[in-house]
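Welcome, and thanks for taking a look. Let's walk through this model together, starting from the overall fold and then moving to one strand and its partners.

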Amino acid sequence: MGQQSFIIVALSTLLLSISLLGFMGMWDYSNETTASLFEREQALNVARSGVNMAVSRLRREKNWRMGFTSVGVAGGTTSVRVTDIGIDSVRIQSRGLINGAVHNILVEAKLSSIFPNVESALTVFGDSVSFTNSGTAFDIDGRDWNIDGTMGSSTAVHGIGVQTSKIVGDVTKQVTTNGVEDRIWGAGGQPSIGQFGATDLISLQNFYKARRTILLPAGKYASNSTFGSLAKPEIVHVPGDLEWTGTITGAGILVVDGQLIMKGGVKWQGIILALSGDVRIELGGTGTPSILGTVWVGNTDPSKVTNVHVNGNPSVKYSYQTLSTVLGNLGLLAVEIYKYYE
């Protein structure tokens, strides 16, 4: 009996030891599993941060595609690649890495904005257009220009855009007669004059006016003034005619409910929209006005003539980079994510 008891105790001790060893092993394995799960979750969060950083950048700069490598986030690093997959559609690939754990996220998104497709450096709305000039040294240029003055890589638009093929012929004849066909650059050669698609200019005007950041009374301004910068653009609304003759600089969106005259050292980066029942736009004269972005001039009365007069050597140049920067910093670009895999 004593020998049997000894055997039973010995077996019990052996089984207990095996159980304890198994339990300790399971405990170690559980610890490893918990740590591994935590690191994988952290890698996922780091990758998500990469996506958020990319989306934020695209909202400010629609044509950004450089991505980034090994940016530090929450104890790990994220690397992002951005590639085009269609017109204004991109694929964002984000990789999160932390303590050897890796997680990848794939996103496809549509980039959109609240301004219509820009088809011309100078877009002239109206059933009848008169183009006149004093001097032959100006530039109306639909080729893409960067902010720093170098040529951009975006597709060229027309130098001047008008509503119908008849007006294309009329304005082409006018600039040729005036001897300035070689001053209008852009798509299709010189003179670059083409027909644009349907655009609701009144709705666009009202949209911008409702979001104005500066209300500037109508009138003549000859003083030196600044209205916004590329880093902090403004939406300036003028409820009537505007004449700028001083050294005036600005960036953003300028909305004029009337005639627009720009002389002196005027430099504007972004969008200019002048719309009324009887529009006249005059550029140049005593100085060299410079507009980088795009200009829309609209006539809401079919019985009126939209008059465009260029005096001296001003410049109107299309710039995709400027428009994207201005609209992005105004918060007017949207990134719509339609596929998300993590």
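## The chain as a whole

In the protein chain, 59% of the contacts between residues at least 6 apart in sequence join residues at least 24 apart; a contact here means heavy atoms within 4.5 Å. The model is predicted, so to speak of local features pLDDT must be at least 70, and side-chain atom pairs count only at pLDDT 80 or more, while totals for chains, interfaces and linings use all residues. Residues are numbered from 1 along each chain as its sequence is written, and side-chain values use heavy atoms, without hydrogens or water.

You will find four helices and 23 strands in the protein chain. These are DSSP runs numbered from the N terminus: helices are H or I with at least four residues, strands E with at least two.

## Surface and interior

Of the 342 residues, 42% are buried, that is, under 20% relative accessible area with a 1.4 Å probe, protein chains only. The chain exposes about 16400 Å², and carbon and sulfur atoms supply 54% of that; the areas come from the Shrake-Rupley method with a 1.4 Å probe.

Strand β20 (residues 290-299) is largely enclosed by the rest of the structure, because nine of its ten residues are buried.

Strands count as paired if DSSP finds at least two bridges between them. Strand β18 (residues 267-276) runs parallel to β20 over ten bridges, with Lys267 opposite Ser290. Strand β22 (residues 315-318) is also parallel to β20, joined by four bridges, and Ile291 has Val316 as its bridge partner there. Three bridges link β20 in parallel to strand β5 (residues 120-124), where Val124 faces Val297 of β20.

Terms used: Buried < 20%, exposed > 50% of the residue type's maximum accessible area, 1.4 Å probe, protein only.
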